[in-house]
Amino acid sequence: MRADLDETPNPSEIYRIVKKHKVANCGELTDILEAYLKKKGYKTTKVNLIIRSSGTTKRRAKDHCFILVNPKKKFDYYDPSSWGSKSAIVDPWLGFVGRKEEAIEKFYSFFDLHDDEFIIFTRAK
C-alpha cells in the first residue's frame, strides 16, 4: 500500500511495519513512537543514554535512546531524579513502558553493565 505524498504517514502503521520486518534501531523506533505520542497530545522528549567505564572494562562505548513522557517543565537530562514523579519511560526497542527506576534497572541488566561501568543520560537529537 502506497500513501499519497500529501498524506501524513500514520506512525502506528509505520511502527507495525518496521517491527515486523526488523528494520529499525532504537533511534528510528523512538522517532516513530514519539511522533505518535505527540500526535495523541503527550508531552515527550527523547533521551540518550551512554555507557561509560571508569575502570578496566574494555568494551566499545554503547548508546541507546528512549522516550521520556510527561517530564517536569524544568528538568536536567543528566539527573533522572529531576525528571518528575509522574514521568514515564517508553522504550520501543526494548519493549518497555514504566517508571524511571524500573527503566534504569532494566538498562543496567539488559546492557550487562560491569561494576566499573555507568550510564550518562543526555538529550537526544
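Is Asp-116 buried or exposed in this protein? Before I come to that, please keep in mind that this is a predicted model, in which local features need pLDDT of at least 70 and side-chain atom pairs count only at pLDDT 80 or more, while totals for chains, interfaces and linings use all residues. Residues are numbered from 1 along each chain as its sequence is written, and side-chain values use heavy atoms, with hydrogens and water left out.

Now to the residue itself: Asp-116 is buried, at a relative accessible area of 13%, where buried means under 20%, exposed over 50% and partly exposed in between, with a 1.4 Å probe and protein chains only. Asp-116 sits in the loop between α3 (100-110) and β5 (117-123), and its side chain makes a polar contact of 3.5 Å with that of Ser-53; such a contact is a pair of N or O atoms within 3.5 Å, and within protein one must be able to donate a hydrogen and the other to accept it, with residues adjacent in sequence counting only if both atoms are side-chain atoms.

Turning to the whole chain, the protein has 3 helices and 5 strands, in the order α-α-β-β-β-β-α-β from the N terminus; these are DSSP runs, helices being H or I of at least four residues and strands E of at least two. Of its 125 residues, 42% count as buried.

As for confidence, pLDDT, the predictor's confidence in each residue from 0 to 100, averages 85 over the protein, and 86% of the residues score at least 70.
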